[in-house]
Amino acid sequence: MSFATRTWGGMSSRARLLAIFIPVAIAAAVVTVGALVLLGPPFLDFLGANMPLVRFVVAAVAILLLTVPTAFVLIYLELKVIARMNLRVGPNRIGPWGAAMSVIHGLKVLSKEDFAPTGTDVTVFTLAPVVTYMASVMSLLVIPFAPGLFGQDFNIGLLFFFSMGGLTVVGLLMAGWSSFNKYSLLGGLRSAAQIISYEIPLTLSVVGVIILAGSMSMNRIVLAQSGSALDWFVFKQPLAALIFFIAATAEANRTPFDMTEADSEIVAGFATEYSGMRFGFFFFAEYVNVFIVSALIATIFFGGWTAPFNWPWAYNLNWFHPLSIGILGWVLIVANVVLIGTVLFAIAARLLGGREWGLWDAIGLGFLFLLVVVAGLVGTAGFIAFDWVAGLVWFMAKTYFFVITFVWMRATLPRVRVDQLMGFAWKWLLPASLLNLFVTAAAVIVTTPGGAR
Amino acid sequence: MPAPQRPPRPHKARPAASAASASAAAPASKGAKRTRRPAERQPSLDDPRIMLDRQISSDLYEPIPPYPTRTEREAEFYTLGDGEMFLNVGPHHPATHGVLRLVLKLSGEQIVDVDPVLGYLHRGVEKICENSDYYHVIDQVDPLEYLSSLFQEWPAVLSFEKLMDVQVPRRAEYIRVLSGELLRISSHTLYMGFLALDLGGLTPILYGFIERDEIVEMLAALTGARMLFNYFRIGGVNGDLNHEFMSRLGDWMSRAARQTEANAGLLNENEIFVRRMRGVGTLDRAAALSYGVTGGNLRASGVPFDVRRAHPYSVYPELEFNVPTRQEGDSLARYLIRVDEIRESLKIIDQCLHNMPDGPVMAKLPRLLRPRPGRAWGAVEGPRGMLGVYAISDGSDQPFRFRIHDPSFVNLETVTALLPGHLLADTMAVVASLDPVMGGIDK
Amino acid sequence: MSFVPGLGIAKGMALTMRRFFEPKATIQYPETAPDIAVRFRGRLQLLYDELGNLKCETCFQCAAACPVECIDMGGFDTKGRFHVHWGAAEQYAERREESALRRAGRPVPDPAYSRFDPIDTSAVDGILERYDFDQKEMLAILESIQRTYGYIPVAAVKRVSQVSGAPYALIYGRATYYSHLRFEKPRHTVAVCRCTACLMAGASRIARSMGGALGTEIGRPPAGGVALEQLPAHIPGAASPLVTLDGTPQPRLTAAAAAALGRTLAGGPVA
């Protein structure tokens, strides 16, 4: 046996891991630093010259990356909130308070067998989840998360969003039709009928808002609500808000309108024959839809990223310019803060927790504490200093408020029957939204001095 | 016993045909499609591995009788009209209350006809009971309607007591009534939960299970088991009330009325729920009587028939309770009747606790039970209807015939009359409102 | 009625929101032990006496009494320790494959029983034929087996189980219930005839003194490797009182001589 084999055999698994990891990390660091130093400046110049392209790429990548963690968070939220309303606890074993449940679900879904059942139309079968998912993802492009933080500011942003919503129908129909299964067919047809019926009240109810804001661009709509909470459109268009809320629930296929995936009648509706990652796509698409619809309600009626009242203090942390310290300075600061902070918190954990905390446990706990504290501090500083951080926080708060409302409705309400669903849309929501439209238009004409625009 | 030797199969070698079938079976070229149509998957008739019926019957055995002719009903059902399709709400389904297969003939979403197929849970209980001692019968008959096990043991025990002329002590009767009514509440609460689950509401069933858990823990303190109690004996019950049971019961009773009202209130006034159930699956009085429906389903159609009042048994004549009746006969009425029955059961439990007499809980019986030859019928009012047992004894220590009349079996038959004309989504509402338990239906 | 999401839905949602904040009904199982009733019979456990010894002796009576035939057990014979399984023999015990296949009537090799002497089981088949494979005649079948072999070999019990379809546990339980059935081949078998003639000649005294010397009685388990039995029938032509040792009739015995013979057989010194 050579020296290498003997040494390798003699090492514990932890040592082996470190023996692989450390050289690889060093090599990667050297390569990265070298690339940055050598290729950095020309690359940055290139980017600076093609800003719109860069912006587009960054926006698209960010949105694609945003959807999966959002879906994970929403899945976890739904499991826990519905469980709490059912007087039970929900997942609490995997990860702290069950937070890693979504990740495990994602891994499980990835590890399943990927097959298309006999008799299905394989091309359509494979493309259907992609279409549904992409339609949901593209709707995220127009939503303004914060002042200046949006994908693209179309001046027909709202119309773009509704057209993307219509695209999900195509995906669901493809899924229902291509599975060689009557349940899927029924589910797909039901979904098509439902979404198409509810598109009309959805679109019509928003026209009042468009009239009031003067533009279809989402950014302008949010800016038209800036000021205080009383400027929000929910107070000016309460009926429209209600109609939009109900129609949006139907668009997102949520209970009480989840006939398409009624899992006590048509097993899983259009998704009966799907398994593995294809089903994962549908699953993610549904939760991303919930997020989008809540975001939309928050944006159109509840002010988007505007705060409910004027934030009293808006510090300008101009005296602190981050780049003035330089890279070496930052490295030193980070290293010191991490080490010293971890050690301090570890000591605190060890003292407070008694002898039960072992050395490594205490260090790990200290590190976590440090992360929480630093994140809190940085977040607060950002909230105060940068308006986009504040806007993002408000936006997310409002969106998640509506997400929880949707989850609450799912926990409580039974399903509406298909014909009652359609009857409700055509007989009640459509006339109501038309009424709302007429009243708004009349009010605008009457109150605008000098007649209508 | 070694298997009988079979003569070797006549093997006709057809090289040309086998080459053709071999090439048809394997994909001919790389570019052949991956999905194989069903027609390609059937081997050709020249394949020597296939023995045709005429070869078997002529060479080896007697002629195989022809497949039984279709009944008229089958022929009528299995012919598709214009624009109709079959949908198999199969035994594997999240909402069929067990393994029930409903073959629906749909025209779009509207149900034209329904053919229920039963028997997926048949366990031969009646036959097993013919080969067991009288004590074993009580154990075997528990898992019939497993949600309310004591109500399965009760008519068996009633009929055996009639055969053996056994007088049950009064305390035992009161304990039977007490435990039975507790189980009735638990079964009805679960019924509400399952009904809501089939309609899409996820919460009421969890609330129902919380109630059921408390009741079942109580009964575990009394009987020793949580679900298949094996508690009633011929001549009494197996074990007196104990402190643990009484304390759990008192605990629960102090909250019971309020909790059941709250849980029912989640559904009673919910507009979506009411709209799904009102007018759906209306069973009128004459049809209910002609089908032989019993229990809550019959009372929801306007017939105030309750076995506890019509053919009294045990100590029910001494207890005061109402028999709730409604006239509409639709699914909502069936649901509301169950909610009313929970209240009545709470009243009965109160009276039992107040009037509980002292005394033994089991009559004196010989070790080996040999009743005189004869027949006896015992019936009780279970949560789903009239549960009856017709026992025939031939003087030996095993019953000669043990026939179980199960209410869910009869209740489920009405599905063929109730469903046509409604939508697919109403299937679940109707079937769930009839409260079938497949264990009892398939025995 | 107009379908306006109104009061009912709002009340329902208020109830759910209220329940969101109420204490939950979940019992966190491994950390919190559930509150199990004292009478709960689903908790299967073997009891220990005050010295710490297991009370269970794998006597198979519970297996024989169980109405659903769900108990099987292994003991010192097959496992070298007490080990009781609750469950169908098909699933749990060392008789797993055999129990699963016994209803098919096929003989199955069972490695756990390989150290039991294989015997010629054609006699067992004959006995079963005579009793028509009826489980209700199990006592008579077992007595016939004991008469044929001198004891009940485990291989014979397995053969009976396999051919008649009765579970091994039930047969074994029946066998251990009766004290005159034995599982070990005794070194010697002394049989006393108790027909009228022999009784008049003093067979009962002989039996009593023999039994006293050996430490057992007729119909009780053997002691010291010697079994004391009753002859089923008087051998024609033999003198009374008739006492056979391993099948050969002994010359006239008195009570004292019988006791001496008993002591010899038991291995003690002749008094």
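Tutor: Start with chain A. Of its 453 residues, 43% are buried. Buried means under 20% relative accessible area; exposed means over 50%, and partly exposed is in between (1.4 Å probe, protein chains only). Accessible areas come from the Shrake-Rupley method with a 1.4 Å probe, and for residues only the protein chains shown count as cover.

Two notes on the model. It is predicted: local features need pLDDT of at least 70 and side-chain atom pairs count only at pLDDT 80 or more, while totals for chains, interfaces and linings use all residues. Residues are numbered from 1 along each chain as its sequence is written, chains are lettered from A and ligands numbered from 1 in the order in which they are written, and side-chain values use heavy atoms, with hydrogens and water left out.

Chain A has 15 helices and 0 strands. Helices (H or I, at least four residues) and strands (E, at least two) are DSSP runs, numbered from the N terminus. Along the principal axes, the C-alpha atoms of chain A fill a box of roughly 80 × 65 × 50 Å.

Chain A also carries a nonpolar surface patch of about 800 Å². Among its members are W330(A), I333(A), F367(A) and L371(A). Patch residues have over 30% relative accessible area and no salt bridge; like charges are joined within 9 Å, and nonpolar side chains (Val, Leu, Ile, Met, Phe, Trp, Tyr) within 5 Å. Helices α12 (326-353) and α13 (359-385) of chain A each supply at least two residues of the nonpolar patch. L371(A) sits in helix α13 of chain A. L371(A) is partly exposed, because its relative accessible area is 44%.

Now the salt bridges. Side chains of opposite charge can pair when their charged atoms come close. A salt bridge here is a side-chain nitrogen of Lys or Arg within 4 Å of a carboxyl oxygen of Asp or Glu. Over all chains, a search of the whole structure finds 40 salt bridges.

Take one in chain B. E126(B) and R403(B) meet through their side chains, at 3.3 Å from N to O. E126(B) lies in helix α5 (residues 125-130) and R403(B) in strand β8 (residues 399-405), both of chain B, so this pair ties together parts that are 277 residues apart in sequence. E126(B) counts as buried, at 13% relative accessibility. R403(B) counts as partly exposed, at 37%.

Next, R308(B) forms a salt bridge with E181(B); their closest N and O atoms are 3.2 Å apart. R308(B) is in helix α14 and E181(B) in helix α8 (residues 170-199) of chain B, so the pair joins parts 127 residues apart in sequence. Both R308(B) and E181(B) are buried. These two also belong to a network of salt bridges, which links E181(B), R184(B), R299(B), D306(B), R308(B), E341(B) and E381(B).

Move to chain C. The side chains of R182(C) and E229(C) meet in a salt bridge, 2.5 Å from N to O. The pair links distant parts of the chain, 47 residues apart: R182(C) is in the loop between α9 (168-177) and β3 (188-193), and E229(C) is in strand β4 of chain C. R182(C) is buried, at a relative accessible area of 5%. E229(C) is partly exposed, at 22%.

Two strands pair if DSSP finds at least two bridges between them. In chain C, 2 bridges join β5 (residues 243-245) to β6(C), and these strands run antiparallel. T244(C) stands opposite P249(C) in β6(C).

E129(C), D132(C), D134(C) and E137(C) form a negative surface patch. Lys and Arg count as positive and Asp and Glu as negative; His and the chain ends are not counted. The place of a charge is NZ of Lys, CZ of Arg, CG of Asp or CD of Glu. D132(C) is in the loop between α6 (122-130) and α7 (138-149) of chain C. D132(C) counts as exposed, at 58% relative accessibility.
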